[in-house]
Amino acid sequence: MSTSSNQTQPFSHRRALRAGAASFVGTAIEFYDFYVFATAAALVFGPIFFPEISPAAGIIASFGVYGVGFFFRPLGSILFGHIGDRYGRRLSLVLTLIIMGVGTTLVGVLPSYNTVGILAPILLIVLRVLQGIAIGGEWGGAVSLAVENAPERFKGFYGAFPQLGNPAGALLASGIFTLLTINGTDFLESGGWRIPFLLSAVLIAVGFWVRYRVEESPVFEAESEANLKAELPLKTAVVKNWKYMLLGAGLLPVSTGGYYIVTTFATAYGTEPSFGIGISAHDFLTILSIAAFFELVSTLFIGALADRVGRKRLMFASLVLSAILIIPIFLTMSPDNFVIMAVLFTVGRVVMNGTWAPVASIMSQMFYPQARQTSLSLSYSVGNAVWAGLAPVTAATLFTATGTIWSVIGLFFGMTILSIICLVLAPQHIDTVFDTDDTQGAAITPT
């Protein structure tokens, strides 16, 4: 599509910065909620909610409950994608934040299996479903808001703002659990595990205030004024974008599933003596906190670098390097290798961040704006259900069945190959916004 002479450029750094900040704050809180659940599942949920089975089976069962949330993400992506594409990105993001906060806070007051029996894990699953629905609509809305407010040459940089939420949430979650395990896991198992969940209520109030004040994206506003919004965004997404949604889901094995292999699965493998190595939980969480900090501070730099060298090119290099680094990361895990592990986990997480930081702008620019949030959310949530939802339990099952960590490394290699194939095939487009007397309104121009 050619550029009209009456084209306006409402994209500004000031507007993009506000949208990016709102995307980051809310996404950080929601990822915090998710990582708190993941860490608790690896450390304490087995004996608390599944005490009648062996420790290894308890870990697998806890990871199974953890994975349930991912399989309800597509429902959230459809629901909140429709709200975002029809009524605005901001409204959908406020709603997802509230729902996630309620679900997470209620986990903190759940009774244990020893108190109410089978009802305890059932309630845990119900609240996990609520978390999954909320975060299913979160990422696509946050990415749409951040990227659609950004000037074209800076979409990688501003698209990295919602990606900051992942390491920020991970750092906050692992940091709190690190403090709670200074004297071992006894305090966690006796009720201390509830504290990180209850803290979510305070964080949600902060996130709500920030998001409620942010402006809507100019792309959505132009669509509204030109009456170009899709009546049924899901239908538009399925009919026009189904190929791109499949490619988008195929981009994510390492960005999401690989990430949970080196965090959630690695926590259980590293800390549980009857399952893996038996490293001190406090030491291992300290390592994860260090790695999350450096991942956090590298995110915007990686986003800016992606704008300079090419988003797809940077992600490709990061995928290859991540597959190489996964070998020493797992083979050097030992109670005596604290420094080596800290260095390898940190380098590995920063390199893997090169598959995560640019994926927001890459996936956003694969879809038409009229159903962008629905398409983006659905593609991302389906990919997460398959890769992130199944990665920890699949890795744990493979390791239990084979007795060797090489089976988990092999799984990571296979995920890398698929990510590379889909990355090569993924298209990219340019957002353009026209004056409202131009009937074409908001559109995308292929690059």
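**Exercise 1.** Over the ring of which residue does the charged end of R128 sit?

Solution. The model is predicted, with local features requiring pLDDT of at least 70 and side-chain atom pairs pLDDT 80 or more, while totals for chains, interfaces and linings use all residues. Residues are numbered from 1 along each chain as its sequence is written, and side-chain values use heavy atoms, without hydrogens and water. A charge sits over a ring if NZ of Lys or CZ of Arg is within 6 Å of the ring centre and within 35 degrees of the ring normal. The ring is that of F37, and the charged end of R128 is 4.4 Å from its centre. A further case is R86, which lies over the face of Y87 at 6.0 Å from the ring centre.

**Exercise 2.** Classify the ring pair of F37 and F197, and locate both residues.

Solution. Step 1: rings of Phe, Tyr and Trp (its six-membered ring) pair if their centres lie within 6.5 Å; planes under 30 degrees apart are stacked, over 60 edge-to-face, and the rest tilted. Step 3: F37 belongs to helix α1 (residues 13–43) and F197 to helix α10 (residues 194–198), so the pair ties together parts 160 residues apart in sequence. Helices are DSSP runs (H or I, at least four residues) numbered from the N terminus. Step 4: F37 has 0% relative accessibility and is buried; F197, also at 0%, is buried. Buried means under 20% relative accessible area, exposed over 50%, and partly exposed in between (1.4 Å probe, protein chains only).

**Exercise 3.** Describe the pair formed by W356 and Y380.

Solution. The pair is tilted, at 6.3 Å centre to centre with 45° between the planes. W356 lies in helix α17 (residues 338–356) and Y380 in helix α19 (residues 372–402), 24 residues apart. Both W356 and Y380 are buried.

**Exercise 4.** Which element gives the largest share of the nonpolar patch?

Solution. Step 1: patches comprise residues with over 30% relative accessible area and no salt bridge, nonpolar side chains (Val, Leu, Ile, Met, Phe, Trp, Tyr) being joined within 5 Å and like charges within 9 Å. A salt bridge places a side-chain nitrogen of Lys or Arg within 4 Å of a carboxyl oxygen of Asp or Glu. Step 2: the patch covers about 610 Å² and includes L106 and F208. Step 3: the largest share, 3 residues, comes from α5. L106 lies in that helix and, at 39% relative accessibility, is partly exposed.

Terms used
Helix = DSSP H or I, 4+ residues; strand = E, 2+ residues; numbered from the N terminus. Areas by Shrake-Rupley, 256 points an atom, 1.4 Å probe, with all protein chains shown as cover.
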